[in-house]
Amino acid sequence: MEFGTVAPTFPPIEEVRRTARRLEEKGYSSLWFADHLMGWYPHDLWKETPFAARYPSCHMFFDPFCEICYAAGSAEKMRFGVSVSEVFRRHPAVLLQQAITANHATGGRFILGLGAGEAENIVPYGIDFKRPVARLEEALRLMRVMLESDYGEAINFEGRFFRLEDAVFDLKPVGNLPVWIGAHGDRMLRLTAQYADGWLPVSTTLGDYREMAEKLDRYARDAGRDPEEITRAIFASVVIDEKESEVERLLRTPILRIHALLLHHEVYEKMGYQHPLGKYYGLLEYIPTKFTKRDILEAVSRVPDDVVKAAFISGTPEEIIQTFDAYSKLGVEHVVIWNLTYFGDISKVGSSYALIDEVIGHFES
């Protein structure tokens, strides 16, 4: 099992080079860059956290493709991925140009992560957020056409969302340009089975992961592919401490409980609950600037504790090792760790990363 983690995406930009060097020395296999215009928290809540002293806003994201190109020379083996982009803010030709530029900058160590999109990065900016899965499917088809075109070949494409007339696309990648898709629903899993080199869902229960993995395998065979061709991964939001009581305390903090609001209402219903925001589609609908501090605190107060646990991989090091072992038995080859422990208690920055080192060390021994 390989491990990746998330990159710093806020200023100062020099931090990402230092981080890449340090993490490669520690044995990490990949570094992942968020493609966001917004963070996850209402500003009135963020400005009261200890983090605001260094980062006056949680909405200060660098462009991930630029940042990857800037950081690429700081590591020799580690892969760099975008987690994840979409095809609303960038035309597929522009997205592919940026991705192949990052591919060259990293010497072929770039992974293009794609998803259906998140409302917070699209709707507030006046972009029409309709039919995201159908749009992604067409973009994947178009990008394949562009990648497979010959030098100087005119490309003509008439789709529902995109149209090319006598266009060219002659920038080719170094080696392969792997695409990993953040898929959870049936239609997204079918796209992953047909087009993707990797599958990168966010933290979920073992049972749900198993169910999705079985569907992915079936859909891959339906598409004439060997399921083993698709790297299974998971983007794991981790809360870790030596004491179970501390983990429970951390999961009660409002800033961590917000992540449970980002879950689809069907996750709640499957566990016998109702989403505090009603028929809510999680990240597909969530826009933090629509909430006041009071609104968000009231909503998170109504999130059941076991739903909060479903939004994270949490526990003591021993418990998390057992969880990762279980994922490994389901075929997971790559875990991207997002350490959120210290969001609940900033004093746990050092201790939480040390405990994560212990967990990773278990799988390296």
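Arg89 is partly exposed, because its relative accessible area is 21%, where partly exposed means the range between buried, under 20% relative accessible area, and exposed, over 50%, computed with a 1.4 Å probe on protein chains only. The structure you see is a predicted model, in which local features need pLDDT of at least 70 and side-chain atom pairs count only at pLDDT 80 or more, while totals for chains, interfaces and linings use all residues. Residues are numbered from 1 along each chain as its sequence is written, and side-chain values use heavy atoms, with hydrogens and water left out.

The partner of Arg89 is Asp35, and their side chains meet in a salt bridge of 3.3 Å, N to O, the term standing for a side-chain nitrogen of Lys or Arg within 4 Å of a carboxyl oxygen of Asp or Glu. Asp35 lies in the loop between strand E2 (30-33) and H2, and Arg89 in the loop between strand E3 (79-85) and helix H4 (92-105), so the pair ties together parts that are 54 residues apart in sequence; helices (H or I, at least four residues) and strands (E, at least two) are DSSP runs numbered from the N terminus. Asp35 also forms a salt bridge with Arg90, at 2.7 Å, N to O, and both Asp35 and Arg90 are buried.

Turning to another pair, Asp305 and Arg257 form a salt bridge with the closest N and O atoms 3.1 Å apart. Asp305 lies in helix H12 (residues 305-310) and Arg257 in helix H9, so this pair ties together parts that are 48 residues apart in sequence. Arg257 is buried at a relative accessible area of 7%, whereas Asp305 is partly exposed at 48%. As for networks, salt bridges that share partners join Asp35, Asp63, Glu86, Arg89 and Arg90 into one, and the count of salt bridges by this rule comes to 24.

Leaving aside residues up to four places away in sequence, Asp345 touches Arg249 and Leu250, contact meaning heavy atoms within 4.5 Å. The C-alpha atoms of Asp345 and Thr49, which are 296 residues apart along the chain, are separated by 9.8 Å.

Finally, helix H11 (residues 293-300) has Ile296, Ala299 and Val300 buried. What covers the buried residues of H11 includes helix H2 (43-46) and helix H9 (254-261).
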